[in-house]
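Dear colleague,

I am handing over the structure we spoke about, and my notes on it follow below.

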Amino acid sequence: MYSINILIAEDEERLRKLIVKYLKNENYSIFEASNGKEAIQIFEEEAIDLVILDVMMPLIDGWHACKTIRKTSNVPIIMLTARSEEEDKIMGFELGVDDYVTKPFSTRELLARVRALLKRSGKTEAKEEVILGSLVIHTPSRTVQVEAEEVLLSPKEYDLLVYFTDNPNRALSREQILNRVWGYDFFGDGRTVDTVIKRLRKKLGDEGERIQTVRSIGYRFEVEG
């Protein structure tokens, strides 16, 4: 399964690098932003599992970045601030902030809050078995079954399917899929994704209909509920 993606938006570079270091030591994948505008752009392009936002940032502050993210996502959000006024915390919670950390803080405290939010959102551990209708994915053995019959997938087909199930009901661009499944150093284009998805749909039979084309964007993997 894919690692957990955390976006950290903090304009103070020294503090941001310190947080990044400790989060990477926990095997999280980290995306960095030095202002709110950059944070929003990264969030829209990547499959982010948790966001850490500083309140006071250039171009777009943390409040506005949070408000923008909340228009399309319920991803866990932690706000960092040098202010401890009750009014700030109330405003943050009204905007949909999940937790609030006041500077200065210890990295251990921040890590504990990150773990707690990820656990609450169900993002802490990869499931050994994913069951969606007649589709069953066995993670340890990297095998797939449909209607109790094994479906032979190539490594990339399997990785693509897992990426979809990790991001259910979310529109994913071809660029996002290429970056996460093939890697950032892969030299290819969206046609590569289209070709593999066509094969994957065919192999999955009726369950392949879960992979829906999103016009002008890419694809979405539909899951009930």
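The model is predicted, and in helix 5 the buried residues are Thr107, Leu110, Leu111, Val114, Leu117 and Leu118. These residues lie on the same side of helix 5, because the arc they cover around the axis is only 130 degrees. Buried here stands for under 20% relative accessible area. On the face turned away from that buried side are the exposed residues Arg108, Lys119 and Arg120.

What do the buried residues of helix 5 pack against? Their partners are strand 1 (5-9), helix 1 (13-25), strand 3 (50-54), strand 4 (77-81) and strand 5 (99-102).

Helix 5 itself takes in residues 107-120, 14 residues in total. From first C-alpha to last it reaches 20 Å, close to the 20 Å expected at 1.5 Å a residue. Gly122 follows helix 5 and has a positive phi, near 75 degrees.

Then there is the open sheet: four strands in the order 6-7-8-9, with antiparallel pairing. Strand 6 (129-132) and strand 9 (149-151) stand at the edges with a single partner strand each, so one side of each has no neighbour in the sheet. From one strand to the next, the twist averages 25 degrees.

Strand 8 (residues 143-146) and strand 9 run antiparallel and are joined by three bridges. Val146 has Glu149 in strand 9 as its bridge partner.

Helix 6 (residues 155-166) lies across strand 6, strand 7 (135-138) and strand 8. Helix 6 runs at about 110 degrees to strand 7.

Regards

Methods
Residues numbered from 1 in each chain as written. Predicted model: local features only at pLDDT ≥ 70, side-chain atom pairs only at ≥ 80, totals over all residues. Heavy atoms only, no water. Helix = DSSP H or I, 4+ residues; strand = E, 2+ residues; numbered from the N terminus. Expected span 1.5 Å × (residues − 1). Buried < 20%, exposed > 50% of the residue type's maximum accessible area, 1.4 Å probe, protein only. Arc of directions from axis to C-beta. Contact = heavy atoms within 4.5 Å. Pairing = 2+ DSSP bridges. Axes fitted to C-alpha atoms, helices over the stretch in contact; angles between N-to-C directions.
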